[in-house]
Amino acid sequence: MKEESLMFPCGGISLEGVLGLPEGKGPFPAVVVCHPHPLYGGSMDNNVVYAVCAGLGRSSIAWLRFNFRGVGRSEGHHANGIGEQDDVKAALTFLSTLREIDPARLAICGYSFGTMVGIPVADSDERVQAMAAISPFFVSPGLLKNYTKPKLFVYGTEDSFVSHQEIEHIVSQLPEPKTCTVVPGADHFWRFSERAVEIKVGDFFASFLTHR
């Protein structure tokens, strides 16, 4: 992968990101990767974010990991997961302007807080062709009820922050296609379980984004 550090616009502020592009000729599918909670140390330099990007790169899928507003060199201030939805939309818009990226094959992957931000955007933004949620939080049970595009939900058996029963109940009510994957022994922070994230997320997006 070729990696480039950059800044991209979001309304009146600029956000810090890193773009990963596969070797070869595009245009490539691309995934916006949303990091965990910024008030608890979350940033684009996170072990799970790195694992997701590694899996995407292995599948020749471009990615954009970035810092939400108020994190790192990103301007602005934390906005309780609401303003951050605009950050995700700005990331999608930025990717769609690049000649190396196929704007018809954009997707979102969120982890923890990143799912609280990414899921509502996937639900409302027609540009999002697939979504993956790692250790997901659902801010509203009604989200994704009409989302008929591919969905992946991944969580660990030792996760003490998310309710397995709640995830399974909500996912059971969502339309196909959908996949709910449990990783034995993994906790909310995925220490020593990053490889499982890399494989499962990479394979999921490869199935739905690279064969269209």
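**Entry 1: arginine 65**

I began with the contacts of arginine 65: leaving aside its neighbours within four places in sequence, I found Glu3, Gly17, Val18, Val33, Met44, Asp45, Val49, Tyr50 and Cys53. I note here that the model is a predicted one. Next I looked up where arginine 65 sits, and its place is strand β4, residues 62-66. Is arginine 65 buried or exposed? Its relative accessible area is 8%, and buried means under 20%, so arginine 65 counts as buried. I then followed its side chain, which reaches the backbone oxygen of methionine 44 at 3.4 Å.

I turned to the nonpolar residues. In soluble globular proteins, nonpolar side chains tend to be buried together. In this model the largest nonpolar core has 44 residues, and those that touch the most other members are Phe8, Val88 and Leu95. Helix α2, residues 83-96, supplies the largest share of this core, with six residues. I also recorded a separate core of 28 residues, which includes Val18, Leu152, Val197 and Leu209.

Apart from neighbours within four places in sequence, valine 88 is in contact with Val32, Cys34, Phe66, Phe68, Ile108, Val117 and Val121.

**Entry 2: helix α3**

Why do I describe helix α3 as largely enclosed by the rest of the structure? The reason is that nine of its 12 residues (113-124) are buried. I listed the buried residues as Phe113, Gly114, Thr115, Val117, Gly118, Ile119, Pro120, Val121 and Ala122. I then looked for what covers these buried residues, and the cover includes β3 (28-34), α2, β5 (101-111) and β6 (128-134).

**Entry 3: helices α1 and α5**

Two packed helices are described by the angle between their axes and the distance between the axes. For helix α1 (residues 47-58) and helix α5 (residues 194-209), I recorded an angle of about 45° and axes 7 Å apart. The two helices are therefore oblique to each other. I also noted the handedness: α1 passes α5 in a right-handed crossing. On the α1 side, the contact is made by Asn47, Val48, Ala51, Val52, Ala54, Gly55, Leu56 and Arg58. On the α5 side, I found Glu194, Val197, Glu198, Ile199, Val201, Gly202, Asp203 and Phe205.

**Entry 4: cis peptide bonds**

I looked up the peptide bond from glycine 26 to proline 27 and found that it is cis, with omega near 0°. Glycine 26 is in the loop between β2 (13-21) and β3, and the place of proline 27 is given by the loop between β2 and β3. Glycine 26 has 31% relative accessibility and so counts as partly exposed.

Proline 177 is in the loop between α4 (164-172) and β8 (178-183).

**Entry 5: positive phi values**

Finally, I checked backbone angles. Leucine 144 has phi near 70°, a positive value in a residue other than glycine. Leucine 144 lies in the loop between β6 and β7 (151-156), and at 0% relative accessibility it counts as buried.

Where is tryptophan 190 found? I located it in the loop between β8 and α5. Tryptophan 190 has a positive phi, near 60°, and is a residue other than glycine.

Technical notes: Residues are numbered from 1 along each chain as its sequence is written. This is a predicted model: local features need pLDDT of at least 70, side-chain atom pairs count only at pLDDT 80 or more; totals for chains, interfaces and linings use all residues. Side-chain values use heavy atoms; hydrogens and water are left out. Helices (H or I, at least four residues) and strands (E, at least two) are DSSP runs, numbered from the N terminus. Buried means under 20% relative accessible area, exposed over 50%, partly exposed in between (1.4 Å probe, protein chains only). A polar contact is a pair of N or O atoms within 3.5 Å; within protein, one must be able to donate a hydrogen and the other to accept it, and residues adjacent in sequence count only if both atoms are side-chain atoms. Contact means heavy atoms within 4.5 Å. A nonpolar core is a set of buried Ala, Val, Leu, Ile, Met, Phe, Trp, Tyr and Cys residues joined through side-chain atoms within 4.5 Å. Axes are lines fitted to C-alpha atoms, for helices over the stretch in contact, and angles run from 0 to 180 degrees between N-to-C directions. Angles under 35 degrees count as roughly parallel, over 145 as roughly antiparallel, 65 to 115 as roughly perpendicular and the rest as oblique. A crossing is left-handed if the near helix is turned anticlockwise from the far one by less than a right angle, and right-handed if clockwise.
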